[in-house]
Amino acid sequence: MTITPSRQRNAVSEGMALGLIMCDRFTLSWDKVAIDLSFEGAWRSWQYRHRFSQVDTDIRHGSDGVRVMTRADERKHTFSFYWDTSGRDIAIYPRNVWSDGEVDVDQAAEWIDGGVPAEGWQELATDFLRRFKK
């Protein structure tokens, strides 16, 4: 099944949130240049990027990494997580489905379009954090 461009964008943003949560990161320091470069570098080497051709195209055509990564804000139609970029830090919040505070990472990954396992999202986040170093 083909995933629409909008759903691809939301999937990558929500998947990145999942990966960071799996790395025990719920916030990131606001550093636009560092986030842009770190995300774009991690994206280029990520084994699942071909599943999200629209995001790949967006990045090649100049979309900045921070926008790609945090696109799934509270208003977007995502099931598990959303980003808040309104404060000094960028924060990830779970949706009400995880109101008990326990996130089933495999279930969350299953709900994200693209068929990437939880470990795949964690791989992207780990590479991002290695580059980000904050």
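Author: Buried means under 20% relative accessible area, exposed means over 50%, and partly exposed is in between, using a 1.4 Å probe and protein chains only. This is a predicted model, where local features need pLDDT of at least 70, side-chain atom pairs count only at pLDDT 80 or more, and totals for chains, interfaces and linings use all residues. Residues are numbered from 1 along each chain as its sequence is written, and side-chain values use heavy atoms, with hydrogens and water left out.

Reader: Why does Asp56 count as buried?

Author: Asp56 comes in at 15% relative accessibility. The cut-off is under 20%, so Asp56 is buried.

Reader: Why is the contact between Arg60 and Asp56 called a salt bridge?

Author: A salt bridge needs a side-chain nitrogen of Lys or Arg within 4 Å of a carboxyl oxygen of Asp or Glu. Here the closest N and O atoms are 3.5 Å apart, so the pair qualifies. Arg60 and Asp56 sit four residues apart in helix α3 (residues 53-60), which puts about one helical turn between them. Helices are DSSP runs of H or I, at least four residues, numbered from the N terminus.

Reader: Which residues are linked with Lys32 in a network of salt bridges?

Author: Asp36 and Asp64.

Terms used
Helices (H or I, at least four residues) and strands (E, at least two) are DSSP runs, numbered from the N terminus.
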